[in-house]
Amino acid sequence: MSYEIKKVGVLGAGVMGATIAAHLTNAGIECCLLDIIPFELTEADKKKGLTEKSPAWRNRFAENGLAGALKSKPSAFFTKKNASMIKTGNFEDNLNWLADVDLVIEVVIENLKIKQDLFAKVEKIVKDNCIVTTNTSGIPIKDISAKFGPKLRERFLGMHFFNPPRYMKLLEIIPGEKTKKAVVDFMVKFSESVLGKGVVICKDRPNFIGNRIGSFDMSNAAHVIFSKGLKIEELDAIISKPLGRPGSAVFGTIDLVGLDTGYHVSKNLYDAVPDDEMREYFKPNEITLKMIENKWLGNKTGQGYYKRTKDEKGKKLKLVLDYKTMEYVVPTKPNFESIDAAKKTAGGFADKLKVLFNGTDVAAEVAREYLCRNFIYAANRVPEISNTIVGIDNAMKWGYNHQLGPFETWDAVGVKEAVEVMKKLKLKVPKKVEDMLKTKHKSFYVKKKDGTYYYDFAKKGYVKLEDNPKIILLPSLKERKKIVKNNSAATLVDIGDGVVCLEFHTKMNAIEEDLTAMLNESCDIVEKDFVGMVVANHATNFSVGANIFLALDAAQKKQWDLLGKAVEALQNANMKMKYLSKPVVTAPAGMALGGGCEMAIHGARCQPHGETYIGLVEVGVGLIPAGGGVKELMVRCTEGIPDGAVEDGMNLQQIYAKVFQNIAMAKVSTSAAEGMELGYIRKTDSISLSRDQHIWDAKQVVLGLAGFYKKPRPAMIPVMGENFRGMIDAALYGMRKGNFVSDYDVHVSRKVAYIISGGDCPEGTWVSEQEILDLEREAFISLLGEAKTLERIIHMLNTGKPLRN
């Protein structure tokens with residue numbers, strides 16, 4: 001039986017159900033979102049004229065769920081327009097809609113009987129190849145499916161999303177005893193490639209993998225703080241970034257999740273794992289119970305372990321709970337010698353972690369005790385919750401944002417060294433780990449010529465990690481001597497099938513002279529020897545723009561010729577990329593700002609990741625885009641204009657007003673889809689949701705174009721001349737009078753308007769791309785020569801915030 005998912009039914013429109021539906025629309029999938037009908041009409045309903053037959057009343061819970069997803073921050077949708085792909089209804093009237101869906105995701109209340117009763121109805125409606133899933137986080141899959149018919153059991157599995165679904169990478173898939181392997185394999189592929197998730201296959205055990213290990217991790221940290229008598233802020237200074245944990249640390253994360261939520265997860269786990277050797281750690285402590293009694297539940301109630309308030313002058317203030325007095329106090333600023341030493345250590349995270357782990361102060365003691373207990377607990381859960389260490393490591397990285405999983409962390413500090421610490425702490429070392437060391441297996445992971453291997457406790461040896469052909473890892477290719485050309489700023493890597501990838505590696509992938517030079521050289525190499533090129537990297541951000549510090553330095557030294565040549569070089573490199581006879585596909589992800597945006601929009605195609613935040617932000621420091629950004633937005637907004645329309649009097653005001661707003665207001669998209677709405681990305685381009693498969697997706701676009709690609713014809717751009725400038729001047733006058741902008745904002749905005757107008761020419765004039773590029777360059781250099789621009793740049797470098805002067 002073949003499977004294809006085009007439409008999904010989501011059952012339950014609470015926060016999780018509604019945001020799962022939202023993320024499905026981000027992947028381009030239509031949904032129906034159903035929930036129960038309200039229990040009774042309220043007086044307010046009756047005053048509105050609603051009856052029990054009114055759809056507005058019957059669908060209220062689903063409608064409210066959708067409305068909540070639309071208001072959620074951070075946004076559940078890539079763009080609010082996606083909400084139109086969700087049809088809301090209720091279980092009594094609209095369950096028959098499930099007859100034509102390909103996937104059902106149940107997200108109702110965690111009550112076994114309610115789930116079983118609902119699935120009994122669903123089973124009678126869905127088609128024979130519809131896959132049916134539950135998003136339960138704690139109820140056993142075998143219990144939910146106990147009353148299913150044999151055919152449905154074959155197509156049923158757990159599909160546990162982490163919250164919020166758009167942003168959290170982890171998706172746990174839990175097959176039932178009778179689930180067909182073909183169904184599991186399909187859902188893994190769909191979840192990875194279409195939804196962009198990192199999938200971990202779990203056993204049907206309490207809390208599966210992520211929340212089982214994660215709950216112990218949090219409970220372990222709480223145990224450490226009370227046993228050591230540390231302050232909240234002291235533990236959070238240790239069990240945070242120094243140990244590869246999120247910046248929210250332990251208690252900031254609990255506040256974020258909610259103490260009540262954490263309490264219920266731990267209590268349920270305590271009841272469900274009577275044989276767990278660390279079961280007592282899941283018991284809520286007296287402080288937690290007291291905070292719940294006080295309704296100090298975290299961010300949702302305004303106070304938890306931390307409390308945000310204001311002082312008598314109205315200045316924002318963050319207080320911390322002193323759990324000994326149960327009062328909120330001003331936090332201290334913890335300072336630990338071992339953490340300082342780790343920060344100063346050269347090398348990567350593993351090198352720094354080892355220094356902290358081997359330190360002599362209380363922070364090092366906390367790190368050793370906390371990590372060693374985590375290591376032991378994780379090892380003891382194999383094979384109970386996962387057959388491999390890899391599943392546990394990936395669950396903690398993808399579901400809890402840990403930099404390394406527990407076994408990777410164990411490798412980082414040294415397996416043998418950590419075992420020796422465990423013995424000193426009088427902790428019980430898992431026999432399987434001691435056996436592993438006795439057989440000369442010194443680490444959980446090893447790299448060999450043909451790939452990465454992990455230690456398998458059952459096989460008592462190393463097993464090769466299965467390669468995914470859709471995951472292209474540039475560091476691995478560089479190790480295999482696939483470098484075509486490189487310099488200090490970028491590397492051109494052969495990624496196979498005649499395609500190369502240009503990878504940036506300056507700090508924050510900022511654009512500087514060597515990077516521009518490498519783009520130029522790469523274009524020449526591709527033109528001669530390859531079928532096409534991808535411009536992408538694995539960094540958090542594609543590129544944050546030009547190295548503004550270098551520009552400031554040159555301006556202060558009045559090196560105008562040097563600056564002019566640098567800007568011209570970037571313009572020329574982008575134009576060379578655009579007009580190459582071989583296709584170039586840019587693949588931005590994360591921030592693509594300023595010059596990074598300009599590079600991203602000069603490819604033959606753009607294959608952005610869904611989480612791409614793209615925009616031209618130069619006005620924030622008193623500058624204008626000068627790498628072709630203004631020019632390319634003008635081209636994109638006018639390239640669909642029919643021949644003769646301008647000569648026949650077509651009004652370009654609204655078209656260019658949008659270009660002006662994007663640049664003068666430094667608009668940055670909150671997703672790739674919004675980048676399309678702003679005009680930075682063409683609506684004919686596709687969006688990748690999997691960051692792991694992003695470069696592979698871009699490579700496929702190159703290969704798809706390679707057989708028939710012809711470089712574009714030079715564009716001519718219709719402009720409005722002084723008529724456009726007059727329109728903008730009028731708008732700026734009103735904004736200045738209302739004190740919405742400063743005098744210098746007006747000055748910079750007029751420079752932007754002059755470029756978009758095409759310079760000194762009448763309306764209806766057609767100008768070349770080069771003419772707009774010349775105007776960009778001239779405006780950029782002139783602004784760099786002004787004191788207020790330099791003041792803005794210095795302020796941004798010092799504070800990270802724009803200055804209004």
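Predicted model: local features only at pLDDT ≥ 70, side-chain atom pairs only at ≥ 80, totals over all residues.
1. Let's begin with a proline in a loop: Pro74 sits in the stretch between helix H4 (60–71) and strand E3 (86–90). The bond to look at here is the one between Lys73 and Pro74, which is a cis peptide bond with omega of about 0°.

2. To find Pro164 on screen, go to the loop that runs between strand E6 (156–161) and strand E7 (170–175).

3. Next, have a look at the backbone of Ala249. Its phi is positive, near 60°, in a residue other than glycine. Ala249 belongs to helix H12, which covers residues 249–257. Is Ala249 buried or exposed? Its relative accessibility is 6%, and because buried means under 20%, Ala249 counts as buried.

4. Asp497 is another residue to check for its phi. The value is positive, about 60°, although Asp497 is not a glycine. Where does Asp497 lie? You will find Asp497 in the loop between strand E16 (490–496) and strand E17 (499–504). With a relative accessibility of 56%, Asp497 counts as exposed, because the cut-off for that word is over 50%.

5. Then turn to the positive phi values, at Ala249 in helix H12 and at Asp497 in its loop. Ala249 is buried, whereas Asp497 is exposed.

How values were computed. Residues numbered from 1 in each chain as written. Heavy atoms only, no water. Helix = DSSP H or I, 4+ residues; strand = E, 2+ residues; numbered from the N terminus. Buried < 20%, exposed > 50% of the residue type's maximum accessible area, 1.4 Å probe, protein only.
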